[in-house]
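Have the sequence and the model open as you read.

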Amino acid sequence: MKVVNVVGARPNFMKIAPITREMNKFPEIHSILVHTGQHYDFEMSQSFFQDLDLPKPDFHLDVGSGSHAVQTAKVMMTFEEVLEREKPDLVLVVGDVNSTLACALVAAKLRIPVAHVEAGLRSFDRTMPEEVNRLLTDQLSDLLFVTSPDAVDNLLREGIAREKIHSVGNVMIDSLCLCKEKAVASDVRTRLGLEDGPYVLLTLHRPSNVDDPVILRNILKSIRQISSRARVLFPVHPRTAAQIRSLRDPEFGSNSNGITFTNPLGRIDFLNLLLGASLVMTDSGGIQEETTFLQIPCLTLRDNTERPVTVSSGTNRLVGTNPDKILQAAIEVLSGDWKRGQIPELWDGHAAERIVEILRREFR
Ligand code: UD1
């Protein structure tokens with residue numbers, strides 16, 4: 001059984017690592033790794049290969065940045081050549097980035113079965129590029145691996161056959177469990193001078209938050225206010241860094257008054273910081289899941305989430321982008337007023353085992 005596994009952007013690397021690791025336990029599975037090159041900076045890509053012990057990709061498509069159409073088209077053109085050469089039995093894609101949809105579409109047109117890991121998540125907000133990627137990838141997929149019951153409901157409502165859908169748990173949590181020991185040993189808090197007192201960990205990269213200067217300014221203002229109550233650590237995504245620079249405001253972007261800006265961090269160091277944070281503020285999807293699993297309070301700076309189980313069961317709360325609401329919620333959390341939450345079913349570190357078991361059964 002020859003499987004082409006696809007990665008492209010930062011959140012893909014942690015999801016694919018436990019899957020390829022599990023596949024490699026079975027001699028009958030020939031696993032090939034394709035990196036589309038959607039993310040290419042050392043901190044956004046290679047550092048994850050090191051931290052996650054991922055093998056060097058068998059193919060690197062080197063597509064880089066571009067508009068949605070350009071990036072997606074470049075992935076499609078180069079990925080088609082890989083599939084024509086390798087003729088795999090299955091293409092496995094994860095998550096919801098442009099590379100996910102581009103590769104699923106190429107495989108479906110070549111009539112190669114597609115497996116989608118993290119299927120069925122919906123924000124019901126089609127202004128998010130990821131929502132379009134999610135909807136279309138699921139329509140093209142033959143095997144849909146889901147993390148939560150709401151995802152099953154979404155897929156059934158969209159007409160996906162029940163027998164294609166498999167509840168397997170969450171590979172993001174597998175990945176966290178695999179790295180936890182190394183993360184605990186990281187000295188990143190010493191390097192950043194965070195040993196004393198509580199700190200808030202912030203990440204921000206959604207176009208809806210960072211590409212609009214008014215919204216970005218509002219968020220940064222509320223972060224400034226929060227930083228008078230607790231240190232704020234802000235590893236800055238390249239998209240966000242460019243937008244902060246274009247605000248041309250000396251108040252934002254420099255280390256002062258309790259905010260520390262850093263380059264994007266590797267998997268191990270970031271996880272160490274997550275483990276010790278009093279509060280996490282984010283617009284990332286994966287971090288909403290990780291904080292729920294670790295039972296750390298999370299404020300999501302968005303009006304919706306495609307991961308509602310993190311709100312209904314977990315420690316996540318949607319606070320949007322209104323600065324007063326953000327500040328109020330942060331004060332509540334920092335004064336100890338937050339829900340502990342429950343870990344969703346099957347988020348136990350064994351999702352990749354279930355996925356590979358199902359693949360072996362399907363192809364036997
Ligand atoms: C992409 C995904 C998003 C995911 C995020 C994680 C899509 C539509 N979006 O968003 O779902 O949550 O990755 O990071 O696929 N850049 C660099 N170096 C890099 C990569 C990007 O400088 O290694 C800069 C470039 O200026 C680029 C911009 O960041 O134009 C945006 O990159 P892109 O891959 O288009 O989207 P992300 O915002 O990273």
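Predicted model: local features only at pLDDT ≥ 70, side-chain atom pairs only at ≥ 80, totals over all residues.

Asparagine 98 takes part through its backbone: one of its backbone N or O atoms lies 2.8 Å from an oxygen atom of the ligand. Serine 65 uses its side chain, where an N or O atom is 3.5 Å from a ligand oxygen.

How much of the ligand's accessible area does the protein cover? On its own the ligand has 740 Å² of accessible area, and the protein covers 85% of that.

## The surrounding shell

The place to look for the ligand is the largest pocket, where it sits. Around the ligand are 20 residues, and the closest are His39, Asn98, Glu130, His205 and Arg239. Sorted by class, this shell holds 8 polar, 7 nonpolar and 5 charged residues.

## Where the shell comes from

Which domains contribute to the shell? Domain 1 (2-170 + 347-363) and domain 2 (180-334) each give at least three residues. Turning to helices, at least two shell residues come from each of helix 3 (68-86), helix 5 (129-140) and helix 11 (238-247).

Definitions and conventions:
Residues numbered from 1 in each chain as written. Heavy atoms only, no water. Near = heavy atom within 4 Å. Polar contact = N/O pair within 3.5 Å; in protein donor to acceptor, adjacent residues only side chain to side chain. Areas by Shrake-Rupley, 256 points an atom, 1.4 Å probe, with all protein chains shown as cover. 1 Å grid on protein atoms, 1.4 Å probe; cavity = no way out; pocket = protein on both sides within 12 Å on 5 of 7 lines; lining within 4 Å. Sits in = over half its atoms within 2 Å of the grid points. Helix = DSSP H or I, 4+ residues; strand = E, 2+ residues; numbered from the N terminus. Nonpolar A, V, L, I, M, F, W, Y, C, P; charged D, E, K, R; others polar. Domains from an automatic or database assignment.
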